[in-house]
Amino acid sequence: MRLQELIPGLEIYSVPSGTKVFDWTVPDEWNITDAYIMDADGNKVVNFANNNLHVVGYSEPIDEILDRWELETFIHSLPAQPDAIPYITSYYRRRWGFCMTHNQRLALKDGLYRAVINSFLAPGHLDYADLLIPGESDQEVLLSTYICHPSLANDNLSGVVVTAALARWLQSLPRRRFSYRIVFIPETIGAIAYLAKHLDHMKEKTIAGYVVTCVGAGKRFNIISSRQGNTISDKFAALATYSTPYPVIKPHLYTERGSDERQYCWPGVDLPIASITLDKYGEYPQYHTSLDNLEFISQERLEASLELYKTCLQLIDFNRNFKCTTICEPFLTKHGVYPQTSPSSVPDELNVLAYCDGTNDVYDLMLKSGLRGEDTILTLNKLLEKGLIE
Amino acid sequence: MRLQELIPGLEIYSVPSGTKVFDWTVPDEWNITDAYIMDADGNKVVNFANNNLHVVGYSEPIDEILDRWELETFIHSLPAQPDAIPYITSYYRRRWGFCMTHNQRLALKDGLYRAVINSFLAPGHLDYADLLIPGESDQEVLLSTYICHPSLANDNLSGVVVTAALARWLQSLPRRRFSYRIVFIPETIGAIAYLAKHLDHMKEKTIAGYVVTCVGAGKRFNIISSRQGNTISDKFAALATYSTPYPVIKPHLYTERGSDERQYCWPGVDLPIASITLDKYGEYPQYHTSLDNLEFISQERLEASLELYKTCLQLIDFNRNFKCTTICEPFLTKHGVYPQTSPSSVPDELNVLAYCDGTNDVYDLMLKSGLRGEDTILTLNKLLEKGLIE
Amino acid sequence: MRLQELIPGLEIYSVPSGTKVFDWTVPDEWNITDAYIMDADGNKVVNFANNNLHVVGYSEPIDEILDRWELETFIHSLPAQPDAIPYITSYYRRRWGFCMTHNQRLALKDGLYRAVINSFLAPGHLDYADLLIPGESDQEVLLSTYICHPSLANDNLSGVVVTAALARWLQSLPRRRFSYRIVFIPETIGAIAYLAKHLDHMKEKTIAGYVVTCVGAGKRFNIISSRQGNTISDKFAALATYSTPYPVIKPHLYTERGSDERQYCWPGVDLPIASITLDKYGEYPQYHTSLDNLEFISQERLEASLELYKTCLQLIDFNRNFKCTTICEPFLTKHGVYPQTSPSSVPDELNVLAYCDGTNDVYDLMLKSGLRGEDTILTLNKLLEKGLIE
C-alpha cells in the first residue's frame, strides 16, 4: 500500500465480515470487475472502466435487457449539473443502478439496452491502517481520516494526503510531548469497528484529536465542534485559525457534523474530537460528484490546511498551566527581558506572565493577553528560558 | 359551588378570621347587601345592585347626607376612560367610597345626596378550594389561580376557567407521571394562608407550577419568571411558547411580577413557580375596570391559553434525562428509523440521540437539536419505542 | 512630614538600600543638590533650581564641557508639545541627561556648553508611610497611593491628597465595620518592599482595596480591573460610578493596568485590588510632563473623586448578605412601609426584600432590583430598622 511507503511503521489491520461491532455488523465485501450499459448497436454508452462513479456503490450483479424507459428508473443524474456524474451508494438496501452525467442521459435514444454489472458481495474484510507515533507521554492526540470514497479528490483524497503529511512531520520532530495516533479507516463502519476494538484504550488515552476531511479546496476554513463543544480540540482549532490568512467561519455546532466525529463523540465514547475543513462537505457544488476531481483541489489549499493543522497540534503539544516563579513582578532588567527606558504600556511579557498563576493554560493566556498563538508560544519560551515561569 | 360540579373531588376549606398566617392575620369577612347614592329627587344615581364595582371593596357602612362637593371626595372615576368604572379596594385602611364612570360623575348636579352602604365586617372565613390529581409520582405540579376579583372577566374569571379546564383535562389522562395540585384561592392573603398551612409539604413535593391569570384577552403571551429564574417552570414555559401561533414577549424578570408568584417564590418558600399570561395585568387599558367584562375576553384566547398550558405541562410530565442504549451511532436501518438513501444532512433522530447521554433533559435536547417541543417528544417517543434510549 | 500633621497616627518606615525584596533589591538613594547647563557666556540655559524635571531621574554626576552637537544626545524634549518639559527617569541603567521644553532646545546656539549635575547615589533608605484605622473587624480595606513623582500634580499629588482626605474622613466616622489600611509608597519598588514585609498579613486580612492615582484632572472616570476581575473592589467600583455625574468608561482589563495593582494582584500575592482614576495615566497629553502642574488639576475634580471613593467604600463597608425575616411577603402596612392604596407596580422595598434570601449581597441586590447604590442602602437601612431583614 502506497501509504506504508510514505509513513514508516503504518500497519494494516483487517476485520472479517460478520464481526459484530456494537449495534452494527461488518458487511460482506463488495467487489466489481466490470459494468456497462450497451445500446442496440453494441456501443457502451456508460462504462465502469471509464469512471467507477458510473455504478451505484454496492450494486447487485445484473445482466438484463431493458427498454429505455425501464432503464431510466435505474439511472441517477443531476439536471442542475449536467456534466457531473453523481456519487451514489446503497450500502444496506440491495439494489442496482448506474450514474451518469445528465447530458449523457439526455443523449439516450429510445430502444433496448443491455445493463451489465459484474459485481459480487461475499465475506471479506474491512481494512484500516493505524500508527502510534510515540511521545514523552502516552496520552494520545488522534488524527483520523477516511479512505472509502473512490475517485473523489477533495472528499477525501485531500484528507488522506494531509494526514500523511502530518504523520511524516510528527515523525520528523526531535521531541513530542504527546503521542500521536494516525488512523486511516472507512467512514462510519470503519470508525465503529475501530472503536469496538480500541474503546477502552481510546477513552483512557485520547486527550484531543481531529477528523481530517475536505482540506484541498474552498475559500474558507470551517471548524466542526465536538459534541462537548469546549474541549481543547475545539479551543485550539479556533485559536489556530487566527494564524491562517484564509477567512474562517464561526464554529459549526455538533448538529452540523457529518464525518467520524459522529462516532468518536457519541455518548459512551465521548472522545474530544473536532474537525477542521476547508469548504465543508455538502456545501460546495462539486460535493459527491465526478467534479470533485484533481483539478478541483490545489496544492496551495492542501498546504494551507497542513499549516493550520500543524499550528493547532503545536499549540496542543505545548499547552500546559504555567506558573510564574517570582512573587511580585520580576525585576525584568536583571533578566534581560525589559526595554531600557520606561515603556508607555505594559510589555507583552508582563501581560503573559501576570496570568501565569497555575490556573491558566496557553488558551487562557492567549485570550487574556490578546496575543496570537505563535507570539504566545514565543513569549512563553523566552520566559521559560529565563526561569521566570515553570 | 359551581367549580365542584365541574371538577370532581375539589374540596373547599375555610380559614377563620383572626388566624395568624406568617406575618399576616386573616381579616374579618366583609359582606355587603346594598349600596347606592340617591339624589335629592330620590333617584339612585349609582346602585350596587347594577354593578358591584360601584363600591370600594371593604368599604365601611355609611348612611349620610352630603353636599355634592363633599360627596366628590368619596368618588373614584377615570377621566381618561370616561365609560369605565374603576375597581378599587381598601383592604387594610378603613374608609368608604363609590366608583362610577367619569360620565356619570360629570352628570352629577349640585345639591344634596344620600350615600348608603349597608356593609358589615365581622369574623368569618377565608375560603379556598384544593384538589390533588394523583400521578405515578407523589411529586407535584401546582396550578394556582385566584378567585377574589368580583365581576372582572379577564382578571381573573379567565384564570379560573382555564385552570378548571386544565384540571378536567388532567383528570381525563390515562396516566400522569407527576401529581397535579389545583388551587383556587383569594390573591395574596389566600396564598399566604395556604402556604402557612402547607409549607413543608409544598417545599418537599412541588417541582414546578404556574399562577394562571389574565388568559382570556390580549395579543401576546407573557411569561413572568420565577424568582430563581431558571426553574423547569421557566424553561418549559419558554419552550412551550414555540408552539403557539401568538407572538410571545421576552420573559419578564421576577421584579415585574404581580400575582401569587410573589408568595410562592418568597425566600424561605422558594417554590419554582412562574406564570404565563396573555396581555399582562396592568398593561391593558381595561385592567381593573368594568371594561374587563365578558365582551373583553374570547373563547379563542381562552383556548389558546389552554393549549399553551397543556403543551407546557406535557413537556414537564415527559421531561427526564434520556440515555442512549448503544455505543456509537445505532444501525438505524436495522431499527427502521433511517431513510433508505443517504440523507444530505444528519437526521433529527440522530441529533436528538447524540445528546441522550444522561446529562441532558428534554429542555436541553430541544435547545441542542433545534427541534420544537412536540417534535422532540415525537422523536423521543419513537426512540423509546425502538429501545434506542432509556 | 506634612502628611503626619494631616493624618494623626500615620507612621513612617524605612527600608535600607540593599535589602532583598523578592526578585528585587532596594537601590541606593539618589540625591541631587544642583544641576545646570551653562553656555559660553556663563548663562544657565537650564537650571535644576527652576524645575526639578530638568534632570533625568537617577542621573550620574557629571561636569563636562561639550559641543552643542554632543550635548544634544543628552537632551530630551517633546517636539509635539514644545512648551512641556518631559519627565524622564532611568532607574536601573546608569546614565545622565537633561530635559527641557522643545522651544528651549531650539533656542540653543552652536558652541560649547558646560553640563553640571551634582548628584550622588549612596546607600540610604526607601521611606513609606503606613496607617491602620481600626474597625469592628480586623479585615482590611487597602488604600494605596504613590509619592515618588516629583513636581507632577495629577500624577500623583492628586492621589496623595485624595488618599489623605479619605483617611481623615474614615477617622471621623463614628463606626467602621472594616479596618482601613492607608499606604503612601514609592511606586513599584515601594509596593514590592511593602509586600515583602507584609505579604502574609495582607493576604490574610485584605478583602478589598484601590490604588489611588490621577484623580485631579480629566473628563471621565476609569476603572482598572483587578487581575481576577470580579472581586468586590471591581464590583463596587463599577456600581459606585452610577452615582457620579461624570461619564464613566467601561472598566479596563488588567492588561491595561499601570500602577501598583501590578504588584498587589501578582500571582502569589493575589490581593483584590483595583483602581479608580479620572483620565487614565498615559492617556492625557500632560502626562509625565511639566504641564501636569497645579493649574492642570482642580478642586472640583478632586472632590468628585473623593465622593466617588467615599460611595465605593461605604458600599463595601455596608455590604453583606441580607436575609428577610418573614416567610411570604411581610404585611407592609403593619410595618409602615407600604403605600396606603394598591400601587400599580411592585414597590422597591418588596423588590429588594424578595432577593434577601441570604445568597445575595448588596451588589446582587442592586443588580436585581435595578436600584442605584444610595437607594439600595437607604432601602436596606429602612428594612433593617423595621426588622424585616437581618
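In which helix of chain A is the place of Leu157(A)? Leu157(A) sits in helix H4 (residues 153-172) of chain A; helices are DSSP runs of H or I with at least four residues, numbered from the N terminus.

This is a predicted model, in which local features need pLDDT of at least 70 and side-chain atom pairs count only at pLDDT 80 or more, while totals for chains, interfaces and linings use all residues. Residues are numbered from 1 along each chain as its sequence is written, chains are lettered from A in the order in which they are written, and side-chain values use heavy atoms, without hydrogens and water.

**View 1. A nonpolar surface patch that includes Leu157(A).** Leu157(A), Val161(A) and Leu294(A) together have about 270 Å² of accessible area (Shrake-Rupley method, 1.4 Å probe). Leu157(A) counts as partly exposed because its relative accessible area is 39%, between the limits of under 20% for buried and over 50% for exposed.

**View 2. The interface of chain A and chain C.** About 2100 Å² is buried between the two chains, 58% of it on carbon and sulfur atoms; buried area is the accessible area (1.4 Å probe) lost on being put together, summed over both parts. In chain A, Ile327(A), Cys328(A) and Glu329(A) lose the most area to chain C, together 33% of what that side buries.

**View 3. A salt bridge between Arg227(C) and Asp357(A).** The closest N and O atoms of this pair are 2.8 Å apart; a salt bridge is a side-chain nitrogen of Lys or Arg within 4 Å of a carboxyl oxygen of Asp or Glu. Chain A and chain C have three salt bridges between them.

Methods
Patch = residues over 30% accessible without salt bridge, like charges linked within 9 Å, V, L, I, M, F, W, Y side chains within 5 Å. Helix = DSSP H or I, 4+ residues; strand = E, 2+ residues; numbered from the N terminus. Buried < 20%, exposed > 50% of the residue type's maximum accessible area, 1.4 Å probe, protein only.
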